[in-house]
Amino acid sequence: MTITKPTLTKSKAALVVCVFLGACATLLGGCASSAPPGQYDPFEPVNREVFAFNHALDKNAALPAATFYKNALPEDVRTGVHNFMSNLSLPVTLANDLLQGQFTNAGYAVCRATVNSTLGIGGVLDPASTYGCLDHDEDFGQTLGVYGVPGGPYLVLPLLGASLPRDLAGKLVVDGYFNPLSYLKYNGKIYVSLAQNGIKLVDQRSHAVSMLREVERTSIDYYAAMRGLYIQRRNAAIANESLAPEAPTK
């Protein structure tokens with residue numbers, strides 16, 4: 001195993017550039033949107049088409065897999081998987097805590113990483129919570145939001161789901177540099193990354209199966225409801241109003 005400097009792939013760079021160019025074009029064009037105040041959605045017609053595609057894929061693949069996962073595995077096993085995935089993201093959380101000047105939360109991140117990686121058997125167990133080290137997630141999109149960078153237009157991307165240009169750039173580009181694992185080079189790294197993302201998706205969906213079905217059942221406009229939930233959650237995360245885990249969105 002060797003250590004190498006992570007590089008920004010052409011695909012990631014192109015995606016971010018296209019998103020921001022699209023946002024600028026929309027701002028200049030003054031496109032209309034039916035979104036409520038605070039939910040800038042100039043791409044709504046296209047977003048709805050992509051949302052329908054993602055929703056169909058979700059209903060026929062991700063949610064059934066999450067339901068099977070939830071029913072087939074004991075709760076202790078699922079909790080261990082969730083803890084392990086959360087532990088892997090702690091370096092990113094710590095870096096963004098420090099950038100935001102949230103030193104108490106940074107202390108929680110250090111505590112969780114240290115205690116759970118050792119006493120918690122690599123993060124499978126969560127003894128840090130018994131010491132009062134609160135679980136929380138931070139990303140560079142939140143950091144930009146803390147410093148007043150606007151989110152930009154609401155986007156729904158194929159497979160990736162809901163996002164804002166600010167959050168997309170942070171997650172796809174900057175946060176990768178905060179993750180020590182991204183500096184390691186080894187055979188099969190791409191497959192490990194795909195497996196990690198797949199497990200994370202199933203884990204998130206398994207925690208939200210009932211909520212997603214309830215929102216769909218009770219919503220007059222499922223797309224608008226999910227858009228509102230995403231914007232609300234991101235605003236709350238930027239304001240550090242809650243240390244609750246991330247709710248999945250389409």
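Arg227 and Glu44 form a salt bridge in which the closest N and O atoms are 3.7 Å apart. A salt bridge here is a side-chain nitrogen of Lys or Arg within 4 Å of a carboxyl oxygen of Asp or Glu. Arg227 belongs to helix H9 (residues 222-238) and Glu44 to helix H2 (residues 44-72), so the pair ties together parts that are 183 residues apart in sequence. Arg227 is buried, at a relative accessible area of 3%, and Glu44 is buried too, at 9%. Buried means under 20% relative accessible area, exposed means over 50%, and partly exposed is in between (1.4 Å probe, protein chains only).

This is a predicted model, in which local features need pLDDT of at least 70 and side-chain atom pairs count only at pLDDT 80 or more, while totals for chains, interfaces and linings use all residues. Residues are numbered from 1 along each chain as its sequence is written, and side-chain values use heavy atoms, with hydrogens and water left out.

The protein as a whole has nine helices and four strands. Both kinds of element are DSSP runs numbered from the N terminus: helices are H or I runs of at least four residues, and strands are E runs of at least two. Along the sequence they follow the pattern β-α-α-α-α-α-α-β-β-α-β-α-α. Of the 250 residues in the protein, 39% are buried. Contact means heavy atoms within 4.5 Å. Among contacts between residues at least 6 apart in sequence, 69% join residues at least 24 apart.

Side chains of opposite charge can pair when their charged atoms come close. The whole structure holds 11 salt bridges. One of them joins Asp221 and Arg48, at 2.7 Å from N to O. Asp221 sits in the loop between helix H8 (189-218) and H9, and Arg48 sits in helix H2, so this pair ties together parts that are 173 residues apart in sequence. Asp221 is partly exposed, with 29% relative accessibility, and Arg48 is partly exposed, also with 29%. Another salt bridge links Asp167 with Arg166, where the closest N and O atoms are 3.1 Å apart. Asp167 is buried at 0% relative accessibility, and Arg166 is buried at 7%. Salt bridges with shared partners join Asp41, Glu44, Arg48, Asp221 and Arg227 into one network.

Now turn to the packing of the helices. Two packed helices are described by the angle between their axes and the distance between the axes. The axes are lines fitted to C-alpha atoms, for helices over the stretch in contact, and the angles run from 0 to 180 degrees between N-to-C directions. Angles under 35 degrees count as roughly parallel, over 145 as roughly antiparallel, 65 to 115 as roughly perpendicular and the rest as oblique.

H2 and H9 pack at about 95 degrees, with axes 11 Å apart, and are therefore roughly perpendicular to each other. On the H2 side the contact is made by Glu44, Asn47, Arg48, Phe51 and His55, and on the H9 side by Tyr222, Tyr223, Met226 and Arg227. By class, the contact of H2 with H9 has four nonpolar, two polar and three charged residues. Ala, Val, Leu, Ile, Met, Phe, Trp, Tyr, Cys and Pro count as nonpolar, Asp, Glu, Lys and Arg as charged, and the others, Gly among them, as polar.

H2 also packs against H8: their axes come within 8 Å and cross at roughly 120 degrees. H2 and H8 are therefore oblique to each other. The crossing of H2 and H8 is left-handed, a term used if the near helix is turned anticlockwise from the far one by less than a right angle, with right-handed used if clockwise. The residues in contact include His55, Asp58 and Lys59 of H2 and Val202, Asp203 and Arg205 of H8. The contact of H2 with H8 has eight nonpolar, four polar and seven charged residues.

Helix H4 (residues 90-100) and helix H5 (residues 103-118) have axes that come within 8 Å and cross at roughly 160 degrees. That makes H4 roughly antiparallel to H5. Their crossing is left-handed. Among the residues in contact are Leu90, Thr93 and Leu94 of H4 and Phe103, Asn105 and Ala106 of H5. The contact of H4 with H5 has eight nonpolar, two polar and two charged residues.

Two loop residues complete the tour. Ile121 has a phi near 55 degrees, a positive value in a residue other than glycine. Ile121 lies in the loop between H5 and helix H6 (140-146) and is exposed, at 59% relative accessibility.  Leu159 has a phi near 70 degrees, also a positive value in a residue other than glycine. Leu159 lies in the loop between strand E2 (155-157) and strand E3 (161-163) and is exposed, at 65% relative accessibility.
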